[in-house]
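Keep the viewer open and follow along.

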Amino acid sequence: MKGPSPPPVRGGGLATTVLFGAAACFLGLLGGLPLLLGPVVGALGVFASTAWRTHGKGRGGTVALVPALLALAILAGTSPVAPSTDLFAGLAGLAFLLWIADDPARPAGGGRRAMPTIAPAALGVGLAWAITLALVGQPEEVGLAGGLLAAALVLLAFLVSGLPRRAPAHPRNAQPVRGASPHDGV
Amino acid sequence: MIEAEHPPPLPGPVHWTRRAYLLVAFGAGLLALAVAFRDAVPLFAGIPLLLAPFLAGSQGSRQLSGADLEWQASGLGPDVTITGALRGNLGSSAVDISVEVPKPLGATDAEPARFERDPTAIRFALRWRLSEPSIVTLPPPRIVWRDPLGLTERPLDGARPSLPLERYPPSLHRLGSIRPARTTTLPGEVHSRVLGASGEFFGLREATAGEPPRTINWRATARAGRLLANDYRIDRTGDLLIVLDVRPTSLGPDTDDRLLGVARAAAHGIAESLLREKTRTGFASFGEFLTTVPLSTGRGHRIRILRAIKAARREEIAGPAMRCALGLRRSYPRGVTTLVVSSWTEDPSFNLVPYIQRQGFPVVLLSPSPLPMRARTGGLDPADEPLAERLERLERRTRLSELWVHGPVVDWEDFWTLEPLSRIMRRPPYRRIS
């Protein structure tokens with residue numbers, strides 16, 4: 001290799017974190033939690049996950065996503081049914097996907113490269129929101145229609161991408177590999 | 001002749017990662033919440049989570065087929081540099097391909113790993129520092145494509161060679177220059193009194209500085225116009241038997257394994273250096289029973305003996321030291337210089353040296369010390385650590401000093417040099433006097 005290569009550019013940009021935080025806070029503001037508890041829950045969830053995946057032990061791992069997902073679930077579960085809350089719940093979910101694509105453990109530009117995955121999901125959210133706006137009926141029926149639509153979208157994606165399989169468990173790169181230890185080698 | 005083009009290897013299956021299962025679980029929970037409470041908001045939050053794992057696997061990696069790996073190790077002593085390249089039609093997915101190179105036990109990063117990616121290759125360079133000598137074979141790295149969201153992954157096919165990594169003290173390279181004492185006759189060899197001490201004539205060689213005049217072949221020198229000396233068959237080879245102790249000790253399996261790794265690396269380096277100089281070398285490992293490779297030399301024997309050293313593993317049951325000595329007596333002629341590589345921290349009856357010596361083998365003990373591996377693991381105050389280390393060292397030296405009546409002992413603490421052993425092997429009882 002010729003000369004030292006420049007340090008790798010990592011993801012974990014501020015923009016996606018701010019976007020996700022803003023979407024979660026706004027969903028909390030529209031939601032049913034008293035006073036400013038909604039935005040606080042949203043901000044805390046995003047902050048905890050961001051801090052965990054940037055500085056925590058086993059950063060970049062799956063567990064770091066849990067605080068953000070819990071905050072999203074709490075906010076979505078307590079929000080009243082309205083077109084605006086529907087829209088912001090969907091946007092918060094999409095912002096979450098953008099945020100996980102911008103992982104500091106991966107090369108930069110993850111959000112751009114993940115567009116082929118995020119765009120159909122955004123299309124699904126948009127379609128569902130358009131249907132809820134167009135439907136005339138009780139909120140319960142709107143919810144049911146949305147659920148059916150989501151199920152149909154998932155089924156369609158499932159058929160397109162094929163059957164998923166579970167990934168085999170493997171040690172991460174940073175851990176010593178037992179098979180390569182001085183006493184196990186050769 | 002036009003060769004038929006091989007079809008590209010089929011891409012491996014796409015797997016879901018734990019992150020994908022987490023997203024689907026949360027998405028399904030939100031969907032259930034929405035249906036149960038007739039509330040559409042959780043459903044909207046859950047749609048992206050439910051869809052993303054299904055969509056992620058179908059994007060981006062369809063054009064990826066296989067990539068071939070070439071890698072090599074370089075460096076000296078504790079420094080290891082691994083360089084390699086993954087070649088194939090990677091395209092724009094190269095940035096999402098991860099090469100996870102397994103790190104040997106006890107290795108630390110000397111520098112951050114460097115990766116250079118382009119559409120046809122991923123080149124990498126890793127620099128490690130080993131804490132102790134070792135001989136290992138690095139398994140092929142795990143090479144997977146992961147989608148940018150980290151939800152799905154696909155292992156890439158292609159050539160994946162293993163990488164042998166052999167690191168032993170650099171001073172062992174000079175050990176080959178020592179001619180060990182000749183203690184046995186070659187098979188079928190009959191000593192002739194007429195031939196004198198040097199034995200059968202073997203060939204001519206360039207005379208070295210300080211060559212005795214009796215070894216100069218004056219007729220050949222006159223013909224060639226330069227000083228040529230006689231080389232005798234008996235000068236060609238000496239004998240050394242390496243005995244590796246693979247019995248378990250009270251230090252525990254982890255320390256035992258690390259010590260055995262160091263001992264194997266030393267045995268490997270010593271055997272390779274001596275066999276390069278055509279010294280007759282034998283190898284035995286003793287756990288519950290004795291496993292032996294007879295004394296011999298040559299290229300085939302070199303492969304056989306190095307393979308036996310690499311295959312030596314710590315055994316679960318310790319055999320009695322007497323069994324080892326009697327086994328050696330049956331397998332090797334008496335008088336062969338024997339290098340016992342053993343950490344020996346047990347009671348005196350556990351020690352191989354007296355038993356082997358009593359069977360007529362001159363013994364040198366090379367004892368890898370467990371102290372560097374146990375340093376700062378006792379949970380003591382930093383102020384008390386030096387005192388504890390000093391006491392342990394004194395106790396070990398006291399125990400080892402009792403063995404000097406049987407033969408020289410090398411207390412091997414600095415694993416990256418074997419100069420004390422070289423000094424002992426240069427002494428007359430072990431080196432042939434010319």
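R38(B) is found in the loop between α1 and α2 (40-57) of chain B; helices (H or I, at least four residues) and strands (E, at least two) are DSSP runs, numbered from the N terminus. Its phi is near 50°, a positive value in a residue other than glycine. For context, most residues other than glycine have a negative phi, and most peptide bonds are trans. R38(B) counts as partly exposed because it has 15 C-beta neighbours inside 10 Å. On this scale a residue is buried if 20 or more other C-beta atoms lie within 10 Å of its own, exposed if 12 or fewer, and partly exposed in between, with C-beta atoms placed from the backbone.

A word on the ground rules: this is a predicted model, in which local features need pLDDT of at least 70, side-chain atom pairs count only at pLDDT 80 or more, and totals for chains, interfaces and linings use all residues. Residues are numbered from 1 along each chain as its sequence is written, while chains are lettered from A and ligands numbered from 1 in the order in which they are written.

**The helix before the loop**

R38(B) follows α1(B). This helix (residues 18-36) has 19 residues and reaches 27 Å from its first C-alpha to its last, close to the 27 Å expected at 1.5 Å a residue; the expected span is 1.5 Å times one less than the number of residues. Which residues of α1(B) are buried? They are R19(B), A20(B), L23(B), V24(B), F26(B), G27(B), L30(B), L31(B) and A34(B). These residues cover an arc of only 165° around the axis, which puts them on the same side of α1(B); the arc is that of the directions from the helix axis to the C-beta atoms. An α-helix has 3.6 residues a turn, so residues three or four places apart point the same way. On the other side of α1(B), A25(B) and A36(B) are exposed.

**Chain B as a whole**

Chain B has eleven helices and 18 strands. Of its 434 residues, 42% count as buried. Among contacts between residues at least 6 apart in sequence, 74% join residues at least 24 apart, where a contact means that the C-beta atoms, placed from the backbone, lie within 7 Å.

**The six-strand sheet**

Six strands of chain B form an open sheet in the order β15-β14-β13-β16-β17-β18, with mixed pairing; two strands pair if DSSP finds at least two bridges between them. β15 (290-296) and β18 (409-412) of chain B stand at the edges, each with a single partner strand, so one side of each is left without a neighbour in the sheet. Neighbouring strands are turned by 15° against each other on average, direction ignored. Helix α5 (residues 253-276) of chain B packs on this sheet and touches β13 (239-245), β14, β16 (338-341) and β17 (363-368) of chain B. The direction of α5 makes about 170° with that of β13(B); axes are lines fitted to C-alpha atoms, for helices over the stretch in contact, and angles run from 0 to 180 degrees between N-to-C directions.

β16(B) deserves a look. T338(B) and V340(B) point one way from β16(B), L339(B) and V341(B) point the other way, and all are buried. In a regular strand the side chains alternate between the two faces of the sheet. V340(B) is the bridge partner of V243(B), and V341(B) stands opposite L366(B) in β17(B). Elsewhere in the sheet, F283(B) stands opposite V293(B) in β15(B).

**The four-strand sheet**

Another open sheet of chain B has four strands, ordered β2-β3-β6-β5, with antiparallel pairing. Its edges are β2 (68-74) and β5 (107-118) of chain B, each with a single partner strand, so one side of each is left without a neighbour in the sheet. Here neighbouring strands are turned by 10° against each other on average, direction ignored. A85(B) has R123(B) in β6(B) as its bridge partner, and A107(B) stands opposite L130(B) in β6(B). β5(B) and β6(B) form a hairpin with two residues between them.

| Strand pair | Sense | Bridges |
|---|---|---|
| β14(B) and β15(B) | antiparallel | five bridges |
| β13(B) and β16(B) | parallel | four bridges |
| β16(B) and β17(B) | parallel | four bridges |
| β3(B) and β6(B) | antiparallel | nine bridges |
| β5(B) and β6(B) | antiparallel | nine bridges |

Methods
Two residues are in contact if their C-beta atoms, placed from the backbone, lie within 7 Å.
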